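Trainee: I'd like to learn how to read a structure like this one. Could you walk me through it, starting with a single residue?

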Amino acid sequence: MVAEGTDHPPTDDTPRPEPERPGTDRPGTAASTDTDATAAAGTGTGTTGTDAAQPDDAKIAAAVAAAEAAAPANGESVRIDSWIWSVRLVKTRSLGAAACKGGHVRVNGERVKPAHSVRIGDEVRLRNEGRERVVVVKRLIRKRVGAPVAAQCYIDNSPPPPPREAVAPAGIRDRGAGRPTKRDRRELERLRGLGAPGRPGGPGGGPGPASGGRGRPGGR
């Protein structure tokens with residue numbers, strides 16, 4: 001007989017839990033979750049790198065297509081003043097023509113007129129707004145385009161721009177200097193190129209007649 005209150009020993013028919021085997025990952029465990037996340041992260045990284053390169057190629061292709069659309073018809077030539085305006089080397093076409101007339105535009109080392117026909121492979125040197133631009137013509141266009149499209153029309157060999165400290169604006173007075181005198185105004189006009197020939201303060205102009213009282217020369 002078995003005394004009351006005594007636990008019965010388990011029989012062979014009682015199910016026992018199986019011990020976990022080391023190194024085995026079950027679905028939903030932390031190890032399997034980390035493995036899946038690592039694999040997903042590796043796959044996503046490769047896809048992101050590929051997708052990042054595609055927009056740049058698409059932008060370049062679109063810029064090239066826009067440049068070709070702005071090209072002249074077969075057999076038509078492009079003026080140099082129109083080309084430097086189209087590729088955004090100058091702000092307006094009139095400024096491009098003025099730069100050519102002033103001798104600030106050279107094609108293959110020679111000064112050219114505004115109507116000079118530019119060709120692919122020409123080296124264009126332009127001095128504008130205190131900076132020298134040196135570009136090689138890559139595409140001919142006769143319509144003004146955006147900056148990304150313009151960059152596809154030439155090879156830029158320009159020297160780096162001068163530092164901003166070296167390009168000091170003319171005619172700027174220090175704060176607290178007071179009103180400029182007549183001599184200061186003449187100097188400012190000379191720096192800004194406002195003096196007209198034959199006028200006081202202008203190129204070739206003398207000091208002018210000394211004026212006396214009531215507009216009579218010499219005065220008393």
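This is a predicted model: local features need pLDDT of at least 70, side-chain atom pairs count only at pLDDT 80 or more; totals for chains, interfaces and linings use all residues.

Trainee: Which residue forms a salt bridge with R133?

Mentor: That's D156, and the closest N and O atoms of the two are 3.2 Å apart. The pair links distant parts of the chain, with D156 in strand 7 (residues 154–156) and R133 in strand 6, 23 residues apart.

Trainee: How many salt bridges does the count come to?

Mentor: Seven, by the rule used here. One of them joins E76 and R142, whose closest N and O atoms are 2.5 Å apart. E76 sits in the loop between helix 1 and strand 1 (78–79), and R142 in the loop between strand 6 and helix 4, so this pair ties together parts that are 66 residues apart in sequence.

Trainee: Are E76 and R142 buried, exposed or partly exposed?

Mentor: E76 is partly exposed, with a relative accessible area of 43%, and R142 is partly exposed too, at 38%. Now look at E129 and K91, whose side chains meet in a salt bridge of 3.8 Å, N to O. Here E129 is in the loop between strand 5 and strand 6, while K91 is in the loop between helix 2 and helix 3, 38 residues apart. E129 is exposed, with a relative accessible area of 60%, and K91 is exposed at 59%.

Trainee: Which residues are linked in a network of salt bridges?

Mentor: R79, D81 and R93 are linked that way.

Trainee: What about the nonpolar side chains?

Mentor: In soluble globular proteins, nonpolar side chains tend to be buried together. Here, the largest nonpolar core has 27 residues, and I80, W83, V105 and V124 touch the most other members. Elements giving two or more residues to this core include helix 1 (30–69), strand 5 (123–128) and helix 4 (147–150). The largest share, three residues, comes from helix 2.

Trainee: What is W83 in contact with, leaving aside its neighbours within four places in sequence?

Mentor: Quite a list! Among its contacts are V78, L89, V118, V124, V135 and V137. The list also includes R139, L140, I141, C153 and Y154. Find W83 in the model and trace these partners one by one.

Definitions and conventions:
Residues are numbered from 1 along each chain as its sequence is written. Side-chain values use heavy atoms; hydrogens and water are left out. A nonpolar core is a set of buried Ala, Val, Leu, Ile, Met, Phe, Trp, Tyr and Cys residues joined through side-chain atoms within 4.5 Å. Buried means under 20% relative accessible area, exposed over 50%, partly exposed in between (1.4 Å probe, protein chains only). Helices (H or I, at least four residues) and strands (E, at least two) are DSSP runs, numbered from the N terminus. Contact means heavy atoms within 4.5 Å. A salt bridge is a side-chain nitrogen of Lys or Arg within 4 Å of a carboxyl oxygen of Asp or Glu.
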